[in-house]
Amino acid sequence: MPDSSPDKSESKQIDTIYVNYFDSINDAKTKALMAICSDIVANQKPRSLYFLFSSVGGQVNSGITLYNFLRALPVEIIMHNNGSIDSIANVVFLAASKRYAAKHSSFLFHGITWNFAAGASLSFSQLKENLSSFEREESKITSILAERTKMSEDEIKELFRQGESKDLKFAIDKGVISEIREPSIPKDAPLVTVNLN
């Protein structure tokens, strides 16, 4: 009689892998984090990636690229604010389908800034090009925030003008998070702490 019991040689699928990320967001760090996530998904095949996430933000393009990448992964993305989510890091945070925040954490929303080299001189057309890029980047952020929260585009634009840190009541009321809960990693759960230079 054939043996119908499960093949013991088959490895059990990992349910959740925890990823600890406390860093800024720029091109190099985004590339490295995407490579780490790709490796985890391809080799360990978890059902979900659970990010313990805190970031001062950084470059707009990098943040939007990371947001789109995380949304495209064939696993559930969970984000847990365990400190402060600032600036473009809010966009990355909103890539998750489940979003939580630790009791003593916050969210900072503000408009973008543009850095020019010291002593830079711009022609009128270059100035217009920069202004157009500035408006386009802020529009992308506004659109993502409006799609992924309960905030209207007008509310978001006002937030950008205020440049204020927001508490957890605001985060729940506006749909940034669904719950305030303390981070907790189960014993023996796989944990990756991302340290990038």
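Buried means under 20% relative accessible area and exposed over 50%, with partly exposed in between (1.4 Å probe, protein chains only). These close-ups come from a predicted model, where local features need pLDDT of at least 70, side-chain atom pairs count only at pLDDT 80 or more, and totals for chains, interfaces and linings use all residues. Residues are numbered from 1 along each chain as its sequence is written, and side-chain values use heavy atoms, leaving out hydrogens and water.

**View A. Asp188, a loop residue with positive phi.** Asp188 sits between strand E7 (179-180) and strand E8 (191-194); strands (E, at least two residues) and helices (H or I, at least four) are DSSP runs numbered from the N terminus. Its phi is near 70°, and with 72% relative accessibility Asp188 counts as exposed. Most residues other than glycine have a negative phi.

**View B. Ser87, another non-glycine residue with positive phi.** Here phi is near 55°, and Ser87 belongs to the loop between strand E3 (76-86) and helix H3 (89-93).

**View C. Ile17, buried in strand E1 (residues 16-22).** Ile17 is at 1% relative accessibility. Leaving aside residues up to four places away in sequence, Ile17 touches Ile40, Gln44, Pro46, Ser48, Leu49, Tyr50, Pro190 and Val192 (contact is heavy atoms within 4.5 Å). Ser48 is 31 residues from Ile17 along the chain, yet their C-alpha atoms are 6.5 Å apart.

**View D. Helices H1 and H2, roughly parallel to each other.** The axes of H1 (residues 27-44) and H2 (residues 60-72) come within 9 Å and cross at roughly 10°, and angles under 35 degrees count as roughly parallel. Axes are lines fitted to C-alpha atoms, for helices over the stretch in contact, with angles from 0 to 180 degrees between N-to-C directions.

How values were computed:
Parallel < 35°, antiparallel > 145°, perpendicular 65-115°, else oblique.
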